Amino acid sequence: MVKGYDAHHQRQDTLASFGRELARRSGSKCELCKASGVKLTVFEIPPAPADPDAARCLFLCDTCREQLDNPKKFDPPHWRCLNEAVWSEVPAVKVMAVRILRHLAAAESWAGDILEEVYLDEDEEEWASKDR
């Protein structure tokens, strides 16, 4: 049990060390909704690889993070910001935006409309399909 605990904390420390790189990449804004001047944290896109990788992480505000941690509490109007995120040059941002839009599309026609315009390359599509 201690081994698992230590491994978890080591992983969390590694993820936290990505903060500077992600802040530079994001311009210190939430990578999904572009909120600035708020606390941002590292979010690892599931499924997590064996070794943490900054390219598979996002820098998110608490609002986006809380909704991703609790998808049943999604606030659809908040996610209209994904109209811009799906065009990001950062694959992690694009993949997460597509995953969220796919989740919303069943109940929100605007999400489906955005998805109709999105292009994912083969690797991005494979990653976007590996939800959790």
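This is a predicted model: local features need pLDDT of at least 70, side-chain atom pairs count only at pLDDT 80 or more; totals for chains, interfaces and linings use all residues.
Residues are numbered from 1 along each chain as its sequence is written, and side-chain values use heavy atoms, with hydrogens and water left out. Local features need pLDDT of at least 70 and side-chain atom pairs count only at pLDDT 80 or more, whereas totals for chains, interfaces and linings use all residues.

**Overall fold**

The chain contains seven helices and two strands, where helices (H or I, at least four residues) and strands (E, at least two) are DSSP runs numbered from the N terminus. Read from the N terminus, the order of elements is α-α-β-β-α-α-α-α-α. The radius of gyration, taken over C-alpha atoms, is 15 Å, close to the 14 Å that the globule rule gives for 132 residues, so the chain is as compact as a globular protein of that length. That rule is 2.2 Å times the number of residues to the power 0.38.

Further values for the chain are tabulated below.

| Property | Value |
|---|---|
| Span of the C-alpha trace along its principal axes | about 45 × 30 × 30 Å |
| Accessible surface (Shrake-Rupley method, 1.4 Å probe) | about 8000 Å² |
| Carbon and sulfur part of the accessible surface | 48% |
| Residues that count as buried, of 132 | 42% |

Buried means under 20% relative accessible area (1.4 Å probe, protein chains only). Among contacts (heavy atoms within 4.5 Å) between residues at least 6 apart in sequence, 60% join residues at least 24 apart.

**Nonpolar core**

A nonpolar core is a set of buried Ala, Val, Leu, Ile, Met, Phe, Trp, Tyr and Cys residues joined through side-chain atoms within 4.5 Å. The largest such core has 42 residues, of which Leu 32, Leu 58, Leu 68, Trp 79, Leu 82 and Ile 100 touch the most other members. Elements that each supply at least two residues of this core include α2 (19-26), β1 (40-44), β2 (57-61) and α5 (91-105). The most is given by α5, with nine residues. Leaving aside neighbours within four places in sequence, Leu 58 is in contact with residues including Leu 22, Arg 25, Leu 32, Phe 43, Val 93 and Met 96.

**Ala 54**

Ala 54 lies in the loop between β1 and β2 and counts as buried because its relative accessibility is 6%. Not counting residues up to four places away in sequence, Ala 54 touches Phe 18, Glu 21, Leu 22 and Arg 25. The C-alpha atoms of Ala 54 and Leu 15 are separated by 7.5 Å, although these residues are 39 residues apart along the chain.

Note on methods: Buried means under 20% relative accessible area, exposed over 50%, partly exposed in between (1.4 Å probe, protein chains only).
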